[in-house]
Amino acid sequence: QVQLVESGGGLVQAGGSLKLSCAASGSALSINAMAWYRQPPGKQRELVAHITSGGSTNYGDSVKGRFSISRDNAKNTVYLQMNSLKPEDTAVYYCNAAYLNTGWRISSSWGQGTQVTVSS
């Protein structure tokens, strides 16, 4: 089982920046793709950014050009640099990891979420 712990959320003014971190720990043969999702108040969870173990990335349309996802495989950590933040970016941000468990099966874990609030 892999555990994910997010950090870096908080309150920021519109136009500001925040950097989220998500550290993975636990037993896994390998950690494959990692991603950030968000859930705005009263809305469904949506994909923000995704990164493969090889570093290929893709982004949700609403964050392209403003957010950047990266990972440090040696530290099993994924980051989300968020620039030019807007009030509509306000949400709980969740980290997700797909990994090969010790039973050689693909599994998925979620972090507990970190709140990002952007004031206008």
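The model is predicted: local features need pLDDT of at least 70 and side-chain atom pairs pLDDT 80 or more, while totals for chains, interfaces and linings use all residues. Numbering starts from 1 along each chain as its sequence is written, and side-chain values use heavy atoms, without hydrogens and water.

The chain contains 11 strands and zero helices, assigned as DSSP runs (strands E, at least two residues; helices H or I, at least four) numbered from the N terminus. Its radius of gyration, 14 Å, is close to the 14 Å of the globule rule for 120 residues, so the chain is as compact as a globular protein of that length; the radius is taken over C-alpha atoms, and the rule is 2.2 Å times the number of residues to the power 0.38. Of the 120 residues, 42% are buried (under 20% relative accessible area, 1.4 Å probe, protein chains only).

The largest nonpolar core has 28 residues, of which Met34, Trp36, Leu80, Met82 and Tyr93 touch the most other members. Such a core is a set of buried Ala, Val, Leu, Ile, Met, Phe, Trp, Tyr and Cys residues joined through side-chain atoms within 4.5 Å. Strand β9 gives the most to this core, with five residues.

One disulfide is counted, defined by cysteine sulfur atoms within 2.5 Å. Cys22 and Cys95 form this link, and both are buried. The two cysteines lie 73 residues apart.

| Feature of the Cys22–Cys95 link | Value |
|---|---|
| S to S distance | 2.1 Å |
| Angle about the S-S bond | -85°, left-handed |
| Strands | Cys22 in β3, Cys95 in β9 |

Terms used: Buried < 20%, exposed > 50% of the residue type's maximum accessible area, 1.4 Å probe, protein only.
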